[in-house]
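Let's take a walk through this structure together. Have the model open beside you and follow along.

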Amino acid sequence: MISWSHVLPSRGLMRTEKAWCPECLQVALDNEEPIYEQLVWTLKIVSICTIHRIKLSTHCPYCSKKMSVLSRNGKPGSCSTCERWLGEKGWTPRIDDNSEDIKKTILILQMMIPNSNTMYRREQISESLKFYVEQLFGGNIKKAAEYFKVANATFRDWYKGRTIPPLNSLVSICLRLDISVVNFFNKVPVLELNNILDAVSSPTKTDVRQKYDHVYIKSYINKYIQQESITSPKSLRSIATSIGCDRRLLYIKYPTESKKIVDIYAKYLKREKTKREENVDIEMKVAIEKLVNSDTYPSRRKVETLLGGRYLIRERKVALKWKSIK
Ligand SMILES: [Zn+2]
Ligand SMILES: [Zn+2]
C-alpha cells in the first residue's frame, strides 16, 4: 500500500480492532502454509473475504471478545484473550457475488498488487476528477457530484484539490465509473455510461430544496414504487425522511401510494422473518452437531456463541428449535 501513502487520508483508514476470515485461516492451517493476518483485513472499508464470500469476523467465537490489531499476547490466527484458534470452515452464509461490498473489496485488492515503485501524488485525484468531469459531464461539477452521490461542496473540494476523498469515497467513485483505481489515477477514458444521464436527470434530494414540491414528491414515490421497492423495500417513515417531509403529509396527500408503500414493506418484513426462521433451523443444527462432535454439551451459551449472536435462545421460537434439535 506504500504506493498510495500520499493519497489516502489516514483518518478512518485502518481498523483498531482485529478482523479476520476464519476460512482463510483454516485453509492455511490445513495446507500447512504460514499463518498470517492479511493486510486487507486491517482496512476499515473491507468487511468481507472475497475468496470465501463471507463476512470477516471481529469477535472470538469462544469468548466473544474483540481484540486489537496488535496486542502483547497476540498470535496470528488465535484469540488474544482465550488463545483459541480462530479458523473454521464453511457454515456462514455466503455473500452474493454481485454485492457492492464484493465489488468494492475487489477494487481495493487490485490496489494492493505491487506496482513497480510508483508513488501516486495527492494532486492526481483532483487532476483525474477534472478529467472525468470534463469527459462525462461536460465540465458540470454539480451533475458529477450528483452522479457520484457526494455532497456538492465536498465534491468541489476534491475537484479543486483542497481536500482528498477518503478511501471509501475514492473506491465508490471508481465503482461508479466502472474502472480500477489505478486506471482512475492514470486517467484512462471510460466508455460513456448509459446510466449517467438517467441518474442525473432523475430527481434527487438535492434537486428540490423547497419544501413540499409536490411534482417532486409524486415522482419520487412513484419511482420508488415502480423500481426501488422491488430491490430494496423501505418503510414509509424512511421514504418521508429521504424526501424531507413528515410521514403524515404522505398519508394525507397520497393515501393510495402510502398504503402501497406500507404494504410492500410489510410483505418484505414477513419474507425476511420467514427467511430467518429457515436459516435458524439449518445453522442451529450445524452448531449443535459441531459441539456434540467435540464432546461438548450444546448449552444455550455455547450455541449462541457459535451462532455469532445472530440468534438468541431468549427468543421463543429459537429456544424451541434448540430444544427440539438437542
Ligand atoms: Zn477467506
Ligand atoms: Zn477468545
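Four donors count as tetrahedral if all angles lie between 85 and 135 degrees, donors being N, O and S atoms within 2.8 Å of the metal (3.2 Å for Na, K and Ca), with water not among the atoms, so sites may look incomplete. This is a predicted model, so local features need pLDDT of at least 70 and side-chain atom pairs count only at pLDDT 80 or more, while totals for chains, interfaces and linings use all residues. Residues are numbered from 1 along each chain as its sequence is written, chains are lettered from A and ligands numbered from 1 in the order in which they are written, and side-chain values use heavy atoms, leaving out hydrogens and water.

Start at the zinc ion (ligand 1). Its protein donors are Cys 21 (SG), Cys 24 (SG), Cys 49 (SG) and His 52 (ND1), sitting 2.1 to 2.3 Å away. The angles among these four donor atoms run from 106 to 112 degrees, so the site is tetrahedral. For comparison, the ideal angle for four tetrahedral donors is 109.5 degrees. Along the chain, the donors of the zinc ion (ligand 1) are spaced C-x2-C-x24-C-x2-H. Cys 21 is in the segment before α1 and Cys 49 is in strand β1 (residues 48-49), so this pair ties together parts 28 residues apart in sequence. (Helices, H or I with at least four residues, and strands, E with at least two, are DSSP runs numbered from the N terminus.) Both Cys 21 and Cys 49 are buried, meaning under 20% relative accessible area; exposed is over 50% and partly exposed is in between (1.4 Å probe, protein chains only).

Now hop over to the zinc ion (ligand 2). Here Cys 60 (SG), Cys 63 (SG), Cys 79 (SG) and Cys 82 (SG) coordinate the metal at 2.3 Å. This site is tetrahedral too, with angles of 106 to 117 degrees, and its donors follow C-x2-C-x15-C-x2-C. Why does Cys 60 count as buried? Because its relative accessibility is 2%. Cys 82, at 27%, counts as partly exposed.

Finally, look at the aromatic rings. Rings of Phe, Tyr and Trp (its six-membered ring) pair if their centres lie within 6.5 Å; planes under 30 degrees apart are stacked, over 60 edge-to-face, and the rest tilted. That rule gives 13 aromatic pairs. One of them is Trp 4 with Phe 185, edge-to-face at 5.2 Å centre to centre and 75 degrees between the planes. Trp 4 lies in the segment before α1 (22-30) and Phe 185 in helix α7 (residues 181-185), so the pair ties together parts 181 residues apart in sequence. Both residues, Trp 4 and Phe 185, are buried.

Definitions and conventions: Tetrahedral: all angles 85-135°; square planar, octahedral: opposite > 155°, others 65-115°.
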